[in-house]
Amino acid sequence: KIPAPPRPPSSMGQRASALPLKRFVNDPQKIVNDGLEGLLWTSPDLVVLGGDPDVHIVARASWKRDRVAVLTVGGAGHEPADAGLIGIGLLTAAVVGDIFAPPAPEAIFRALLAISGPAGCLVVIRNHFTTLFAVKDAIRTAQAHAKWPPGANVRIVTVADDIATAGKVPNSRQADFRRARGVAGAALVFKVAGAAAEAELPLDSVYAEAAALAESVRTLGVLFASCTVPGQPNLRSIPADQMEVGCGVHGEIAGARVMANTTAKEIIQIMVSELKHSVPATAPLVALLNNLGSVPLGEELILVKEVMCSELGSRIKLFIGPTKLVTSLDANGISLSIAPLDSARIERLCAPAVCRYWLPAIVPYPPQRGIVAELTSWQELLEPEENEFLAGVFERVCDGLEAAEDDLNRADAGYKNGDCGRNLAHAARLVRAGFKSWPLNHPARVAQNLSRKLRSVPGALCAMFSIFFAKASAVIEESEGGETGCSQSQAIKAFTQALEEVEAVGEFSEGMRTFADALAPALRKADGGLDAMAR
């Protein structure tokens, strides 16, 4: 037996000075150290430089200082950025601060000395005054140090891509990005700079390509819920019925509030309508769909579809994502970055990168829809027939199943997947949409059509009913006069054999909490008429 874990002390709680509640951490003060150690366990090509636990410098283990080094600097909490984006064709090293806090100049100074060779170093940072000041201080100190490579230079590229915090140019429709936040667009700049450095370009050329992309990439984020720092209360709550359009990588709430019942399509339309004014009107584009923390993959894929179907979709020639590159802890949101493309930038973005967290760029291609041969059978050769009584039965049953969707889901959630109501409501909509084209005066054909409709609905219950009606159809068809009608005794026989068929396939029987518990007793009372069956 697995021993039970020790009971937690009564002081546990969601307070800054105590162990956080329901978070996978050991000590809020050691999150960065513990996380980087886990990164090293799974990344043999990375190494932590220095022995000071307060200095977090991660670098390529095989780095030889034989070309331009690409360094980034920033706080933790954005994983896999920044340390997780180190690799051949990407970053050479990263200096990581505490959660949402830039590292001190001393750590940056040590990193510059460790990785810079004669070719120099390019530092790429997300726009943040404290970070920029610390980098400039560290560069000044490093270049004055006795161990600094003679003639080596350092250049800085600042990424300020967040359109939500861009200022306005007086007397102009253009935006001023000098004070805009740096967000997920920095990951694209990492890639271009890393690929250019790997191609052994000189520092000025690497800088030129990275700076040009930093000047043109634009990003907008959307949040349903901001992030929570482990061990601290959530100080940036968003009302449950609202979402934030325009957010930073620290979960900052500084954009526009809109109602949260907006669809995925409408969200992308809002984002694209803002982003399109920040890129050239006709240029081909690269798009990066970045998960800010906790958006399920299924929802991300819906967003991909909406991005490609948006007014910018036809111009997107490279797509990166959906993926987590620059996150904001557990924030429930996404960001969309776009940038213009030319042949050189396409080459850099598509160049190989050895990094487990980088998702390669792909050329988006319209969905291919193969043709599945549809079997033509006897029931499709019959003309539709009206039957007022049976049509009324279908309408009432479908109404009942759709109305009971939520109740059935709740009942099913206590035992199974919680989707019983959804599946039956789906089946009801399919039947309602199709039964008027059926030959309603031919019972065998009606049962067969029911079986085929139910076969296309997820869930075990609908599969059981599909088997049930398929067998009932076959029994009725084989009975005397079954092609055109069905007596009560024939129907009882057909349903009884159909139930036996389902029980055999499903390996269950009456008394095992299935629909057989209701149907089997009713069929045994069938000779007494409908009232007896209902009782």
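What percentage of the 535 residues in the protein is buried?

**View 1. The whole chain in this predicted model.** Buried residues make up 47% of the 535; buried means under 20% relative accessible area with a 1.4 Å probe, protein chains only. The protein has 16 helices and 14 strands. These are DSSP runs, numbered from the N terminus: helices are H or I with at least four residues, strands are E with at least two. Local features need pLDDT of at least 70, side-chain atom pairs count only at pLDDT 80 or more, and totals for chains, interfaces and linings use all residues. Residues are numbered from 1 along each chain as its sequence is written, and side-chain values use heavy atoms, without hydrogens and water.

**View 2. The largest nonpolar core.** It has 51 residues. A nonpolar core joins buried Ala, Val, Leu, Ile, Met, Phe, Trp, Tyr and Cys residues through side-chain atoms within 4.5 Å. Helix α4 (residues 185-198) gives the largest share, 9 residues. Leu122, Val157 and Trp358 are among those with the most contacts inside the core. A second, separate core of 33 residues includes Phe394 and Phe508.

**View 3. The surroundings of Val286.** Val286 touches Leu188, Leu318, Ile320, Ser337, Ile338, Ala339, Leu341 and Leu349 (heavy atoms within 4.5 Å). Residues up to four places away in sequence are not counted.

**View 4. Helix α4 against helix α5 (residues 203-216).** Their axes, lines fitted to C-alpha atoms over the stretch in contact, come within 9 Å. They cross at roughly 165°, on a scale from 0 to 180 degrees between N-to-C directions. The helices are therefore roughly antiparallel (over 145 degrees). Leu188 and Val192 of α4 and Leu213 of α5 are among the contact residues.

Methods:
Buried < 20%, exposed > 50% of the residue type's maximum accessible area, 1.4 Å probe, protein only. Parallel < 35°, antiparallel > 145°, perpendicular 65-115°, else oblique.
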